[in-house]
Amino acid sequence: MTRLLLIGPPGAGKGTQAARLAEAYLIPAISTGDIFRSNVKNETELGKKAKAYMDAGDNVPDSLTNDLIRHRLAEPDAQAGFLLDGYPRTEDQVRELDDFLEGHGAALDLVIELVADPDVVVARLRKRASEQGRSDDDETVVRHRLDVYRQQTEPLIDVYDARRVLVRVDALGSIDDVTARIVRALADRGVPQP
């Protein structure tokens, strides 16, 4: 079983790399952002609650996010492993994830931190906004999302580093180069491809 977490600022390429790693390691990529965006698009009750937070560049409250993840990790395809993208984002969410995994006799294998320069991230997200029309990629919202990341999520890097499960990977360069760096880093830490 392979249980991974991908962490990094908005625009570091987490979604792109999550999809590639899920395929390479034969595990589902679980993206809270994708799940919330799907619910917003389909105008579900969860989507309506999440939309206001997302449009402002804020994190969706822990209570909604924790419920969503608990439900998703209990699904059959996640029993053989998973890759989390966008969760946990706060220390309370780390505790919730720890409790869930401990209750199932499990723990995260590794946490992959995608490291990227903030100015490069903003440029990437502005490009994505023009290509995909995402309301959460407006420059003002992006800068706010980066501030929220620094305040709420960046402290998690120290938590996972102290547990000795953190692997830092340069997220700049071609998609293929970044994927290769991640796969090499995972292999170096004892997580080979199946």
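Hi everyone, let's start at I69, which sits in helix α4, residues 62–73. Helices here are DSSP runs of H or I with at least four residues, strands are runs of E with at least two, and both are numbered from the N terminus.

Before going on, a word on the model. This is a predicted model, where local features need pLDDT of at least 70 and side-chain atom pairs count only at pLDDT 80 or more, while totals for chains, interfaces and linings use all residues. Residues are numbered from 1 along each chain as its sequence is written, and side-chain values use heavy atoms, with hydrogens and water left out.

Back to I69. Is I69 buried or exposed? I69 is buried, at a relative accessible area of 3%; buried means under 20% relative accessible area, exposed means over 50%, and partly exposed is in between, with a 1.4 Å probe and protein chains only. Leaving out residues up to four places away in sequence, I69 touches I30, T32, L84 and Y87, where contact means heavy atoms within 4.5 Å. I69 and R163 are 22 Å apart, C-alpha to C-alpha, and 94 residues apart in sequence.

Next, D85, in strand β3, residues 81–85. Which residues does D85 contact? Setting aside neighbours within four places in sequence, the contacts of D85 are L6, K14, G15, A18, I30, S31 and T32.

Now the salt bridges that do form. Across the whole structure, a search finds 13. One of them pairs R72 with D77, at 2.8 Å from N to O. R72 is buried, with 15% relative accessible area, whereas D77 is partly exposed at 40%.

Another joins R168 and E113, with the closest N and O atoms 3.0 Å apart. This pair links distant parts of the chain: R168 is in strand β5 (residues 166–170) and E113 in strand β4 (residues 110–115), 55 residues apart. R168 counts as partly exposed at 49% relative accessibility, while E113 is buried at 10%.

R143 and D119 also meet through their side chains in a salt bridge, at 4.0 Å from N to O. R143 lies in helix α7 and D119 in helix α6 (residues 118–132), so this bridge ties together parts 24 residues apart in sequence. R143 is partly exposed at 36%, and D119 is exposed at 53%. There is also a network: salt bridges with shared partners join D67, R70 and E96.

Last, helix packing. Helix α5 (residues 91–103) and helix α7 (residues 139–162) pack at about 40°, with axes 9 Å apart. The axes are lines fitted to C-alpha atoms over the stretch in contact, and angles run from 0 to 180 degrees between N-to-C directions. The two helices are therefore oblique to each other: under 35 degrees counts as roughly parallel, over 145 as roughly antiparallel, 65 to 115 as roughly perpendicular, and the rest as oblique.

Which residues meet there? E91, V94 and L97 from α5 meet P155, L156, V159 and Y160 from α7. By class, that contact has six nonpolar, no polar and one charged residues; Ala, Val, Leu, Ile, Met, Phe, Trp, Tyr, Cys and Pro count as nonpolar, Asp, Glu, Lys and Arg as charged, and the others, Gly among them, as polar.
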